[in-house]
Amino acid sequence: MLKGKHLIEPFDFSLEELEQVFDLADGIILAPENYLDVCKGKILATLFYEPSTRTRFSFEAAMQRLGGQIIGFDDPNTSSAAKGESLSDTIRTIACYADVSVLRHPREGTAKLASKYTDMPVINAGDGGHQHPTQTLTDLLTIRKYHKEIKNLTVGVCGDLKFGRTIHSLVKALSRYENIHFKMISPEELRMPKYILEDLEDGSYEITDNLETSIGDVDILYMSRVQRERFVSEDEYQRLKDFFILDKTKMELAKEDMIVMHPLPRVNEISKEIDSDKRCIYFEQARFGMFVRMALIMKLLGVAIA
Ligand code: NCD
């Protein structure tokens, strides 16, 4: 039963609960007209203390396409945070007005903290370099669409594995599925944190800094942006930002049925020249993000079509 739950990290939902969300998302994709007013009279609050395009807009579009309404801010300076209000007071207040909330914050653990102060479902839309579970819902739904089943796959995650919260959540989530092998592709300075590796089965991953020699083996290549805002040194960012650039030459080494995913925004890590390659599905992935968030909102609110 997902009604009333918080979603702070992927393991908050069982595999069965995830399937329920994906099945509902599939239904919405097939016939969105059946869901036009299932959330009539409900309000979603978006609290964004960090920039966002896809996550915030897809949540807002999702709620509006379900007939619900939205309140919120995308600049904390326009909320009482600027007057020194604590997060716990803000969330308690928002819970007086809204039925479900979405929170993005630069500090790790913030969504978890907020969820302790309210029964209103809190959805973590990214907490610092830690987790981003609704991007993972998007990613898993996308993988289901292209590879039919989430099993027996070699998944290359490439780029900023140190600070990339979408990658942390995805790897954690995928580790629960059958026979998933990871290639962790990053410069040495941006390797996957130990706390994620420790939870993976021995032998289920390889660490490398070479995209050329890895790309031919993967069924999914998940690219990511070097997370400039998490660097202490701008020089270090400048040195590492273009470490990997996926282009036509590298795509020639990849399998015919592999897919390239990216949570977006991209900077330079995927050359625009390959956008028309049918294996590059990142904009379709962004589209699925709205449908999976529609399904998530419905499940957390406990609403269904008649
Ligand atoms: C990601 C994020 O915010 O972590 N964006 C997103 O939500 N799609 C990825 C990123 O910013 O690089």
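Ala, Val, Leu, Ile, Met, Phe, Trp, Tyr, Cys and Pro count here as nonpolar; Asp, Glu, Lys and Arg are charged; the others, Gly among them, are polar. The model is predicted, with local features needing pLDDT of at least 70 and side-chain atom pairs pLDDT 80 or more, while totals for chains, interfaces and linings use all residues. Residues are numbered from 1 along each chain as its sequence is written, and side-chain values use heavy atoms, without hydrogens or water.

**Stop 1: the ligand.** Select Thr55, Arg104, His132, Gln135, Arg165, Thr166, Arg225, Gln227, Pro263, Leu264 and Pro265. These surround the ligand (a heavy atom within 4 Å).

Now show polar contacts (N or O pairs within 3.5 Å). A polar side-chain atom of Arg165 sits 2.8 Å from a ligand oxygen. The side chain of Gln227 also places an N or O atom 2.8 Å from an oxygen of the ligand. At Leu264, a polar backbone atom is 3.0 Å from a ligand nitrogen. The protein buries 94% of the 320 Å² that the ligand exposes when taken alone (Shrake-Rupley, 1.4 Å probe).

**Stop 2: the largest pocket.** A pocket is an open set of points on a 1 Å grid over the protein atoms alone, where a 1.4 Å probe fits, with protein on both sides within 12 Å along at least five of seven lines; lining residues have an atom within 4 Å of a point. Select Arg104, Arg165, Arg225, Leu264 and Pro265, nearest the centre among 21 lining residues. By class, the lining has four nonpolar, 10 polar and seven charged residues.

**Stop 3: the second largest pocket.** Select its lining: Leu174, Ser175, Tyr177, Asn179, Ile180, Phe182, Asp199, Leu200, Glu201 and Ser204. Five are nonpolar, three polar and two charged.

Conventions
Polar contact = N/O pair within 3.5 Å; in protein donor to acceptor, adjacent residues only side chain to side chain.
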